[in-house]
Amino acid sequence: MSLLHLPTELVLMIESDLDSLKDLNSLTRTSPRFALMFDDKLYKNRTAHQHAYIILWAAKRGLHGTIYKCLNAGAKITRRDRFRSHLADRDAPEVLNVIPRHPKSHPLTAAAEIRSLSCTHLLLDQGVNPNLIDEHYETPMRQAAGNGHVHIVELLLSHDEAIFTGAFKLRRPLKIAAARGHLPVLKALISFLERKDRNLTVKDAAQIILYEGLWHRKKNVVTYALEEGADVNDENSEFVLRFAPDLRPDELPERPRPKLLQGHKIGVNIRGIITNGWSHHTPNTLHAALLGGDGDLVQLILDYGFEMARVKPILQDAIVQENTEIISQLTNLGVTLTSEMFQRSLDGIHPDLRDFLKTRIGKIMEELGLET
C-alpha cells in the first residue's frame, strides 16, 4: 500500500519512530496531507539559533510563509541592532567601533535586498527597526536603494518617517543609489526630504549624489543633482564623506561587499567629533569629474560655472597620489601650471611631508615637460 494511503494512526506511528528533524522534514515534504499534520511540529522542535537561521534563509529567498511558520512556533526576531544605533543622536553618523568576527545579515536587510515586499511587510509588522544596522554595517534602506527597489524604499520610509529624520540617516542610501544610477530611487528619497524638515536639505542631498554621479560616470544622476540645486563650486567636505563599507570613487558600483578590517576603524573629524570608520575625499567637483574620466561630465561642470581658481585642491591631491594623468588633464583644459602654483598647493601640508612632496613635484614637472 502506498504511504500516502496509510491510515492516520499508522502515519503517526511512523512519525514517532523518526530519529531526526531531517527525516521528519522528508516525511512532511512527501505530500500536502503530511505537511498539514507535521508542519507545526517541524518548526516547534527548533532552538532559537535554528529559528534564526531558518528565518534568514527564508528572507533571502522571499519565503514569507516559512518566516510566518517560525513566528507561530515561537521564534523571536531581533528588532534592534547590536550597535544600539536607535539610541544614538539622530544627527550622528554610523560609527565603526566593533567589527564582528562572524558577521551575519539581518532578515529585513536580506528581504529588502531581493525586493520581497511580503517578507519586508511581515518583518516590519513584528516591530523590526526599518533602519537597523546589521553586522555587515548594512541597512535595509541602503540595500533597497542600492538595488533600485523603489517600492521597498517607499515602504520603509512610510513605515516610520521619524526614524529617517537625521543629518546622516539617508546619506549612504543616496550615495549607493547615485553610484548605480537608480534615478527613481533618488527621486523617491528627494521627495521624502522635500515634504518636511529632515535635518538633511534637498540641496545637500543633491550635492552628495552629484559627487557619486561624477565619480561613477552617471550623467542622468549628475543632471538631476544640478537640477535639484547642487553647486559645482561648493567645497564642503561633508559631501564627500565615505563610510568604510561603502564605495570608493575608483571602485566599480557593483563590487562585492568588502570584508571589514581593524584598519577601517581609522576615522576623521565630523562636526567636531573623531568618528571611526569614516574618510573623505577631495571636495571639488571638477576633480571628481576628472577622476571619473567622462569628458562630457567634465565639460558639464565647466558649463555650470566651475571657477578655475579652485584647482589648488586638485593639484594637491594629484601630487600626493602622484597622479600625472589628472595634471595632464588640467593642462588640456587650458590651466597654465607654474612652479609657483605647485608650491602653493603644498600650503597646509605637514612640514615633514612637504619636503618629500617638493622632490615629487620636480619629477612630475620634468615628466610632463613643464617649466620649473
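Mentor: Let's start with a definition: buried means under 20% relative accessible area, exposed over 50%, and partly exposed in between, using a 1.4 Å probe and protein chains only. This is a predicted model, where local features need pLDDT of at least 70, side-chain atom pairs count only at pLDDT 80 or more, and totals for chains, interfaces and linings use all residues. Residues are numbered from 1 along each chain as its sequence is written, and side-chain values use heavy atoms, with hydrogens and water left out.

Trainee: Thanks! Is R217 buried, exposed or partly exposed?

Mentor: R217 sits in the loop between α12 and α13 (219–227); helices here are DSSP runs (H or I, at least four residues), numbered from the N terminus. R217 has a positive phi of about 60° although it is not a glycine. Its relative accessibility is 45%, so R217 counts as partly exposed.

Trainee: And how does H287 count, buried or exposed?

Mentor: H287 belongs to helix α14 (residues 285–292). Leaving aside residues up to four places away in sequence, H287 touches T282, I314 and D317, where contact means heavy atoms within 4.5 Å. With 3% relative accessibility, H287 counts as buried.

Trainee: Nice. What is the orientation of α11 relative to α13?

Mentor: The two helices, α11 and α13, pack at an angle of about 20° with axes 10 Å apart. Axes are lines fitted to C-alpha atoms over the stretch in contact, and angles run from 0 to 180 degrees between N-to-C directions. Angles under 35 degrees count as roughly parallel, over 145 as roughly antiparallel, 65 to 115 as roughly perpendicular and the rest as oblique. Therefore α11 and α13 are roughly parallel.
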